[in-house]
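Thanks for coming. I will talk through one structure today, one part at a time.

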Amino acid sequence: MVAGVLEVDPAEVTDESGPETIPTWTSLRHLQLVVTLEEVYGLSFAFEEIRDVRSVGALRDVLRAKGTVPA
Amino acid sequence: MRVEEALLRIRRLRRPDAAPDPELAAALVHLDDAPVTTLATAGRLLADVPAEKLATPDVPLRPLRVAVTGTFTPGTVEPLLRLALLRIGIAPQLHVSGFDQLLLDLSDPRSALAGFRPDVTLCLLHDGWFLPAEWDPGDLAGLRDTLADRADVLAAAVAGHSARSDGALLLHTVPLSPVEHRSLVSFRGRAELGRIWRELNGRLLELGERDGAYTLDLETVLVDHDGPVRDERLYRYASMAWTPGVERRYAHEAATFCRAVLGRAAKVLALDLDNTLWAGVLGDDGLAGIALGTDYPGNCHRDVQRRALALRRQGVLLTVCSKNDPDVVAEAFDQHPDLLLRADDFVAQAVNWGRKDENLRQLAGTLNLGLESVVFADDSPFECELVRRELPTVRVVELAGDPAGFSRRLLDEGHFTVLATGATDRERTALYRARAGRQRFAAAFASAEDYLHELKLRVVVRPVDELSLPRLAQLGLRTNQFTMTDRAHTEAQTRQRAVDPGHLVLTVEVADRFGDEGLVGGVWLDRGDPDRWVVENFVLSCRVFARGIEQAVLHRVAELARDAGATGLEALFRPTARNKPGGAVWPAAGFTVAAEADGATRYALPLHPPPRLLPAWIALEEKGDVRA
């Protein structure tokens, strides 16, 4: 899903991936990622929680804290 | 096709060595029910796919340059817009501006948007741009003045853009955030704010009534949108004024607008009868047994008839495509008291027990229109699937589920959306029916020439005027067969040429013993070189083919050129999938090929001695001052 929003090959995306390693991970795409996660997992973030997330692994942690187990 | 399969096919196409997937553009409708973020993903992936890999030779994608600018951050609309356009056969080249660039983009002749030279400019607006942040609820009169000032600023920017660009521009009405509404504590005050806000929207609607500007009534479109217009977090954090759901709605409406700009609206509605125009099966239930009165479910079907009638009154041609006994159907149209549609509302009827795909093919052939102009509405999933499979260019409206939703299904997609309608549109059904009368008349004559003499054709060629200009531009855009290019002049381009002394735009009107056909064609001439006039485009409605009218028009054009001192006439022809009838006119009129370059042929005809092109059976009449 992250790969879909960021327009990269799914194989390139690991837990360590973030705005520093994936050039298409801009601030706009970051928001689109948040909106997509909300729709797919049916939840709502406060932007405080999500604004400073810098990697896929950290995203996973936020989702886990919300009680969902991302695939 | 499932959503995942569509995404997979898009991903596959992104590889540089991927083979083309010509059915994919049309198959994008299968994504219609997918979540909006999936659509956005599909749209982003499609950005890297070259249009050649999506097009079919039969139904090429139309190229279009579309610019998006706004009073907020419009970037996230881009993938949804790309998808919405590809879905209806338009391959866009998109230019998307950053945060709040609208005024700069429109007013600065050197802006990036101006440099992009868009065919269509989409202007995205939001309430926060018009409302001062600290507006005083105790001074609504002052607020009214401020909103009027903002509207003036916008109007000036739009006027500046229209003066420099020959593209179309789309504004929209702006919904007011309920937070502003509730900021006032009194009922009277809220009502007054509502009135003031609607005055602003009224002004925006007015701005879309002239030049190349149009206004989408977004406030109305969003009435049945499920969910908020804006996500406060996205708005505060990133100045994005619309939720993804609203972006999706807008993208759909904007894509429909682009199709209208290209003149690609559907022209024919082919209607099923049983359980579509009425409840029940006529052949089984009998005339008294079908329901279409004022009670449910008959009233739902009656409403479908009402909507179809409204379409007919705006120029859409209605046809019947039904498996039924023709005598029984004729009796129903003649005698049933509750039918709103009567036999003469239809230009043609295919009532038989044959296959519907074959019937649709024949209906289109009879009307001399392509299948891509046809919308087919039927309640039977079987018939819909058959038509989808056999005739992929026909647009299918499946009237499934509760009949109460049928009218909406028929209209939601905007298949018939055009930029403007006029007198010719209202008369179109009568014109096509008169044409059928001419065909019967033709059968009574021994030779075509006898028939043509008896038709008593009169042709008027004269410069376009204020009244005929919108209709001429529309005719140019919607003509597929007798046209010299797939990029006909837009209304704004036609308007520019009409006033420019280096150009001449002529209209063609035809009348015969059966009546007035009205405006049926036009010629766009470049006379910048007074010695050699060049026909940039020549269009003629398929209603008047094969009567020598094109020769009569060229005769008049040659006369005009000669009178002005020209020694030669040239014409440009750019072949498309369907304009062979147009290209044939040049050799037939004695033009020879002078040059071929960039997929276009340049034909030439010397004007000494004067060419005699006027057929003996046509009277060329003069009205107005053709030298103007």
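A hairpin connects β12(B) to β13(B) through two residues. Helices and strands here are DSSP runs numbered from the N terminus, a helix being H or I with at least four residues and a strand being E with at least two. Strand β13 of chain B covers residues 515-526, and ten bridges join β12(B) to it, the two running antiparallel. Within that pairing, B:T507 stands opposite B:G522 in β13(B). Strand β12 of chain B, residues 503-512, is also joined by six bridges to strand β11 of chain B, residues 457-463, and these two run antiparallel. There, B:V461 has B:V508 in β12(B) as its bridge partner. Strands count as paired if DSSP finds at least two bridges between them.

Before going on, a word on the source. This is a predicted model, in which local features need pLDDT of at least 70 and side-chain atom pairs count only at pLDDT 80 or more, while totals for chains, interfaces and linings use all residues. Residues are numbered from 1 along each chain as its sequence is written, and chains are lettered from A and ligands numbered from 1 in the order in which they are written.

Next, the domains. Chain B is divided into domain 1 (1-60), domain 2 (61-261), domain 3 (268-412) and domain 4 (425-621); such bounds come from an automatic or database domain assignment. Between the C-alpha centres of domain 2 of chain B and domain 4 of chain B there are 40 Å. Their contact takes six residues from domain 2 of chain B and five residues from domain 4 of chain B, where two residues are in contact if their C-beta atoms, placed from the backbone, lie within 7 Å. On the domain 2 side of that contact in chain B, the residues are two nonpolar, two polar and two charged. As for those classes, Ala, Val, Leu, Ile, Met, Phe, Trp, Tyr, Cys and Pro count as nonpolar, Asp, Glu, Lys and Arg as charged, and the others, Gly among them, as polar.

Now one open sheet in chain B. Its five strands have the order β2-β1-β3-β4-β5, with parallel pairing. Which strands stand at the edges? They are β2 (90-96) and β5 (213-216) of chain B, each with a single partner strand, so one side of each has no neighbour in the sheet. On average, neighbouring strands of this sheet are turned by 25 degrees against each other, direction ignored. Four bridges join strand β4 of chain B, residues 168-172, to β5(B), and the two run parallel.

A second open sheet of chain B has five strands in the order β8-β7-β6-β9-β10, with parallel pairing. Its edge strands are β8 (346-352) and β10 (395-398) of chain B, and each pairs on one side only. Six bridges join strand β7 of chain B, residues 317-323, to β8(B), the two running parallel. In β8(B), B:A350 stands opposite B:C321.

Last, the other chain. The contact takes 13 residues from chain B and ten residues from chain A. Five residues, the largest share of the chain B side, come from α3(B).

Definitions and conventions: Axes are lines fitted to C-alpha atoms, for helices over the stretch in contact, and angles run from 0 to 180 degrees between N-to-C directions.
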